[in-house]
Amino acid sequence: MQLSAMPDIDTIVDSTPFTQTVKEDVSLDDPPIVDINTRIRDTNSGRLIPISVNYFPHRRCNYRCGFCFHTDKNSFSLPLEKAKEGLKLLADAGMEKLNISGGEPFLQAHFLGEILRYAKVNLGISTGVICNGSKVTQPWLSQYGKYLDYLGVSCDSFDEDTNILIGRTQDGKTSLQWRILIKVSEWCREHKIKFKMNTVVNAYNWEEDMGHALEEIKPDRWKVFQVLLLDGENAGKGAIRNAEPLLISREQFQVFLDRHKDYAPVAEDNDAMENSYLLLDEEMRFLNCQGGKKVPGRSIFDVGVDAAFQDAGWEPETFVERGGIFEWSKDTPLLEKPHSYEW
Ligand code: SF4
């Protein structure tokens with residue numbers, strides 16, 4: 001696939017401003033409507049603000065999901081103090097929420113905990129982690145849970161044969177992912193951390209009914225993605241995964257959503273996923289997903305956040321359209337704040 005031209009930041013800034021959906025019958029009890037443009041753009045300079053950043057501190061993982069789109073191609077990760085330095089630069093540029101995923105972030109449990117502590121205590125921002133659940137422990141949550149707003153665990157199936165087909169297992173053996181989900185969700189409730197579940201709908205699970213398990217686990221939020229091809233990661237030259245056999249149509253994705261409509265899935269098809277996330281790799285380079293592949297830009301350590309951000313290919317309109325701004329904090333009831341960021 002060809003990489004389309006990187007966007008000029010001014011092109012994005014100059015594009016027609018978007019607004020929130022305005023309700024026709026606004027009551028006094030509704031939260032105030034605030035122009036989102038003032039939250040994602042500096043009102044003086046017009047520059048975009050990296051309000052919500054997804055940081056992949058390393059690429060290593062103990063699972064082998066066939067659709068993985070941040071595969072373990074190298075073992076690089078920044079030293080802890082350098083990573084903190086980078087996060088400070090991002091916070092100074094306006095980052096309000098940090099989501100950490102991977103790779104499996106809990107393979108560096110100490111690094112992860114200290115990053116969360118720094119983000120919460122020193123930077124005062126919202127924090128979240130997405131993981132596969134297999135390495136989460138109660139002692140870690142006791143030590144670091146207070147610095148975490150939400151914890152997400154990926155689960156594509158409650159059928160272990162399906163998980164083995166997908167590759168969501170260690171060494172091809174059953175990982176009892178449903179047991180992991182139940183255990184970690186209970187721990188999150190004990191530690192007052194919001195619990196999220198992520199599901200990638202693909203050729204092996206789109207016909208599954210997850211209703212019973214969802215009733216037991218009761219995630220605070222359930223995000224459902226359509227499997228996505230990314231050149232060089234799970235498709236094409238240089239890829240160490242092949243997600244092509246896992247692809248489904250938009251109609252199959254919709255059938256899965258319809259089957260689970262009572263469980264409030266937050267759905268993201270391929271259009272919503274591409275370019276609506278700000279992805280930061282292990283060297284703190286924004287990843288540009290335009291053109292169906294992830295192309296790293298310049299590192300924030302080399303050129304600063306503003307210049308590095310120009311490489312990101314981020315589409316703020318898509319970010320807002322996919323519901324990127326809403327309540328996330330574990331301390332604040334839903335909709336108490338007019339604007340907060342996806343988790
Ligand atoms: S759990 Fe699966 S999707 Fe997530 S990083 Fe590991 S291999 Fe990739």
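User: Which residues have the most contacts inside the largest nonpolar core?

Analyst: This is a predicted model, and its largest nonpolar core has 78 residues, among which Phe 67, Met 95, Leu 98, Leu 151, Val 201, Leu 278 and Phe 286 have the most contacts inside the core. Helix α4, which covers residues 109-122, supplies the largest share of this core, with five residues.

User: What does Leu 278 touch?

Analyst: If its neighbours within four places in sequence are left aside, Leu 278 is in contact with Pro 50, Ser 52, Val 53, Asn 54, Phe 286, Ala 312 and Trp 314.

User: How many helices and strands are there in the chain, and what share of it is buried?

Analyst: The protein chain has 13 helices and 10 strands, and 43% of its 343 residues count as buried. If you look at contacts between residues at least 6 apart in sequence, 70% of them join residues that are at least 24 apart.

User: Ok, strands next. What does β1 pair with?

Analyst: Strand β1, residues 52-55, pairs with strand β2, residues 97-100, in the parallel sense over four bridges, and within that pairing Ser 52 has Lys 97 as its bridge partner. Strand β1 is also joined by two bridges to strand β8, residues 279-280, and these two run parallel as well, with Tyr 55 standing opposite Leu 280.

User: And which helix goes with β1 and β2?

Analyst: That is helix α3, residues 80-92, which together with β1 and β2 makes a right-handed β-α-β unit.

User: What about β5, is that strand buried or exposed?

Analyst: Eight of the eight residues of β5 are buried, so the strand is largely enclosed by the rest of the structure. In a regular strand the side chains alternate between the two faces of the sheet. In β5 both faces are covered, with Lys 194, Lys 196, Asn 198 and Val 200 buried on one side and Phe 195, Met 197, Thr 199 and Val 201 buried on the other.

User: Which strands pair with β5?

Analyst: Strand β4, residues 150-154, pairs with β5 in the parallel sense over five bridges, and here Gly 152 has Lys 196 as its bridge partner. Strand β6, residues 221-226, also pairs with β5 in the parallel sense, over six bridges, with Phe 225 as the bridge partner of Val 200. Between β5 and β6 the chain passes through helix α8, residues 211-217, in a right-handed β-α-β crossover.

User: Which strand does β9 pair with, and in which sense?

Analyst: Strand β9 pairs with strand β10, residues 295-299, in the antiparallel sense over three bridges, and Arg 285 stands opposite Ser 299 there. The hairpin of β9 and β10 has six residues between the strands, and in it Gly 291 takes a positive phi near 85°.

User: Changing topic: what surrounds the ligand?

Analyst: The ligand is surrounded by Cys 61, Tyr 63, Arg 64, Cys 65, Cys 68, His 70, Gly 102, Gly 103, Glu 104, Asn 132, Ser 154 and Arg 168. This shell divides into four nonpolar, five polar and three charged residues.

User: What kind of peptide bond joins Gly 102 and Gly 103?

Analyst: Those two are joined by a cis peptide bond, with omega about 15°, and Gly 103 is found in the loop between β2 and α4. Most residues other than glycine have a negative phi, and most peptide bonds are trans.

User: Which residues other than glycine have a positive phi, then?

Analyst: Lys 192 is one of them, with phi of about 55°, and Ala 264 is another, with phi near 50°. Lys 192 is placed in the loop between α7 and β5, while Ala 264 is in the loop between α9 and β7.

User: Why does Lys 192 count as exposed?

Analyst: Lys 192 counts as exposed because it has 12 C-beta neighbours inside 10 Å, and a residue with 12 or fewer is classed that way. Ala 264 counts as exposed too, with 10 C-beta neighbours inside 10 Å.

User: Last one: where is Gly 167, and what does it touch?

Analyst: Gly 167 is in the loop between α6 and α7, and, not counting residues up to four places away in sequence, Gly 167 touches Tyr 63, Arg 64, Cys 65 and Gly 66. Gly 167 and Arg 64 are 103 residues apart along the chain, yet their C-alpha atoms are separated by 4.8 Å. Gly 167 is partly exposed, with 17 other C-beta atoms within 10 Å.

Definitions and conventions. Residues numbered from 1 in each chain as written. Predicted model: local features only at pLDDT ≥ 70, side-chain atom pairs only at ≥ 80, totals over all residues. Near = placed C-beta within 6 Å. Nonpolar A, V, L, I, M, F, W, Y, C, P; charged D, E, K, R; others polar. Buried ≥ 20, exposed ≤ 12 C-beta atoms within 10 Å, placed from the backbone. Contact = placed C-beta atoms within 7 Å. Pairing = 2+ DSSP bridges. Right-handed = clockwise from strand over helix to strand, strands pointing away. Core = buried A, V, L, I, M, F, W, Y, C linked by C-beta atoms within 7 Å.
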